[in-house]
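Welcome, and thanks for taking a look at this one with me. Below are some notes to read alongside the structure.

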Amino acid sequence: MTQGGQMTETESRVKEVYEALKELSCDEAPCVAKNAQRALAVVWQIMNDLGLECEQLYDYGG
Amino acid sequence: MPGGGIPPKKPVAYWNPKTELMSRDELTELQLRKLKSMVAWAYDHSPFYQAKYSAAGFEPGDLRSLDDITGLPFTTKGELLDSQQAHPLFGDFTSAPPRMALRYHATSGTTGRTPLRILDSRKDWEWVSEAWCYGLYGFGLREKDIVHVSFSYGTFIGLWGAHCAAERIGCLTIPGGGGTSETRIRQVMELGATAVVATPTYAIRLAQVAREMGIDLASESRVEMILMAGEPGGNIPNTKRLIEESWGARAGDFPGLSESGGSTAYECSVQPGGVHLLEDHYVDEVIDPQTGKTLGYGEKGELVITSFGRGIMPMIRYRTGDLVERVRNDYCTCGRTFDLLKGGILGRVDDMKIVRGVNVYPAGVENLVRGFAEVEEFQVVITEEGGLPQICVRVEPSAELDGTRRSELVRGLQQVLRDSHSGLRFEIEVVGIGELPRFELKSRRVVDSRARDGGQL
């Protein structure tokens, strides 16, 4: 979603965490998948607040 | 603030400095990106929006600038209710299957129709509390605070968002549901709450109950902040003053609506007499409610919102019915670039009463009545006698008044109300203590019993 401009170090790290959580959201173990989905929904808020991403997450538990 | 007095204002601080201090050009670009994303999502996944946009000859690709939003048709609550009736339970405006939701809420049903059923997905529900954080943090709430949320919870979304936001900030958060007002006051005192979340009406009621219990909240409690939502009163000057004096606390206004997911604007620590729009999470428009034409700064009209946060139930160009006046960001000195609504939510576009040709706004009457410290509660009753409308304000005093003080109160009220309403005569009736209804949420102080709905006599 980001257009123009460099991401700050913080933003880059948030994006890495976000992408990692997306992968974990599909894990076979419910304790991994469900907690990752919850964490993903929280990290999405940072991505959205910073204008980095505003996609929907229905493929990753909503 | 034990010892009494209203505490000083907190220093200016921002929940999200990146966007709250963004230039207008950057903000517009951000809003456009989010708008395009949301409109495309709704068009692709919601039968309701697809049909609506197709009928209007609009495709998501038509959005090239933020101004192009005016090419999108409005969405009304009536349409959403019709959709849920035709496609039970949740309507065809949803953009994902209901199984993707993890929260169910409903509107308060104050319009007399079936409440609107509302879903939130995991991400959407987190967003609801995130949006609240802008305001609560900006007003001064911090991790060290102890927050009492004084409402009944349940399916009405009400102050749920504030509860979750207080937890997100890291506050000890007390769910004040399920008890009486006395129970809540005891919790506030025993647990040392420093902030109370309530509707303006209920904040006044709690202060009254505390007095009856022999507690002076202003001098005996630790409460420094009253965080108000659910009603317009949070920015009615005399109502706000009454609440601040009763509690010895600063009172902040955080308007929102169930359909949007809660908080849409917030009062910052400067308390400029208005609320900042949450412009990185919404596009806000002000329109003429009759013509739908976009209004400019300083013009009063209906607030129309487009939410970027709630994906499962998109709200695009939603007509809120709230009467507002938008002003530029420099109305406040906090440094935020977000514009403001001067005076918060001024009322509902359809709650104005016309009595003998004079416009009567409930919020305006409230402000005048709340200027009289002797008045504990009030009610406005409009009737028709002999073909002529009559307006009466029933006031309940805080203590028994002797004949002289009662006459002074009646005369004083009649004069200020008449002077502010082009000479319209208001009857004043002083009723007994405890006679008028009390409210926790969504007060209903205007009773219009005239034949025609909404009374235009």
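**Notes for a new reader**

1. Let us begin with a loop. B:Arg317 lies in the loop that joins strand 13 (300-307) to strand 14 (318-327) of chain B; helices (H or I, at least four residues) and strands (E, at least two) are DSSP runs, numbered from the N terminus. B:Arg317 is not a glycine, yet has a positive phi of about 50°. With 21 other C-beta atoms within 10 Å, B:Arg317 is buried. Here a residue is buried if 20 or more other C-beta atoms lie within 10 Å of its own, exposed if 12 or fewer, and partly exposed in between, with C-beta atoms placed from the backbone.

2. A word on conventions before going on. This is a predicted model, in which local features need pLDDT of at least 70 and side-chain atom pairs count only at pLDDT 80 or more, while totals for chains, interfaces and linings use all residues. Residues are numbered from 1 along each chain as its sequence is written, and chains are lettered from A and ligands numbered from 1 in the order in which they are written.

3. Two further backbone spots deserve a look. Most residues other than glycine have a negative phi, and most peptide bonds are trans. B:Gln271, not a glycine, has a positive phi of about 50°. B:Gln271 sits in the loop between strand 10 (265-266) and strand 11 (274-277) of chain B, and is buried, with 20 other C-beta atoms within 10 Å. The peptide bond from B:Pro88 to B:Leu89 is cis, with omega near 0°. You will find B:Leu89 in the loop between helix 4 (77-86) and strand 1 (101-106) of chain B.

4. Now for chain A. Its secondary structure consists of 2 helices and 0 strands. Its C-alpha atoms fill a box of roughly 40 × 20 × 15 Å along the principal axes. Chain A has 62 residues, of which 31% count as buried. Among the contacts in chain A with a separation of 6 or more, 45% are between residues 24 or more positions apart; two residues are in contact if their C-beta atoms, placed from the backbone, lie within 7 Å.

5. How do the chains meet? In the interface, 17 residues of chain A are in contact with 19 residues of chain B. On the chain B side, the elements that give two or more residues are helix 1 (17-20), helix 2 (24-45) and helix 5. By class, that side has 7 nonpolar, 5 polar and 7 charged residues. Ala, Val, Leu, Ile, Met, Phe, Trp, Tyr, Cys and Pro count as nonpolar, Asp, Glu, Lys and Arg as charged, and the others, Gly among them, as polar.

6. One helix pair spans the two chains. Helix 2 (residues 30-49) of chain A and helix 5 (residues 122-139) of chain B have axes that come within 9 Å and cross at roughly 45°. Axes are lines fitted to C-alpha atoms, for helices over the stretch in contact, and angles run from 0 to 180 degrees between N-to-C directions. The two helices are therefore oblique to each other; angles under 35 degrees count as roughly parallel, over 145 as roughly antiparallel, 65 to 115 as roughly perpendicular and the rest as oblique. The contact includes A:Arg38 and A:Trp44 from helix 2 of chain A, and B:Glu126 and B:Trp127 from helix 5 of chain B. Its residues divide into 4 nonpolar, 2 polar and 5 charged.

7. An automatic or database domain assignment gives the bounds: domain 1 (1-349) and domain 2 (353-448). The centres of the two domains, taken over C-alpha atoms, are 29 Å apart. In their contact, 22 residues of domain 1 of chain B meet 14 residues of domain 2 of chain B. Helix 8 (200-212) and helix 10 (237-247) of chain B are the elements that give two or more residues to the domain 1 side.

8. Finally, follow one residue of helix 8. B:Gln208 lies in helix 8 of chain B and is partly exposed, with 15 other C-beta atoms within 10 Å. B:Gln208 and B:Glu376 are 168 residues apart in sequence, with their C-alpha atoms 8.0 Å apart in space.
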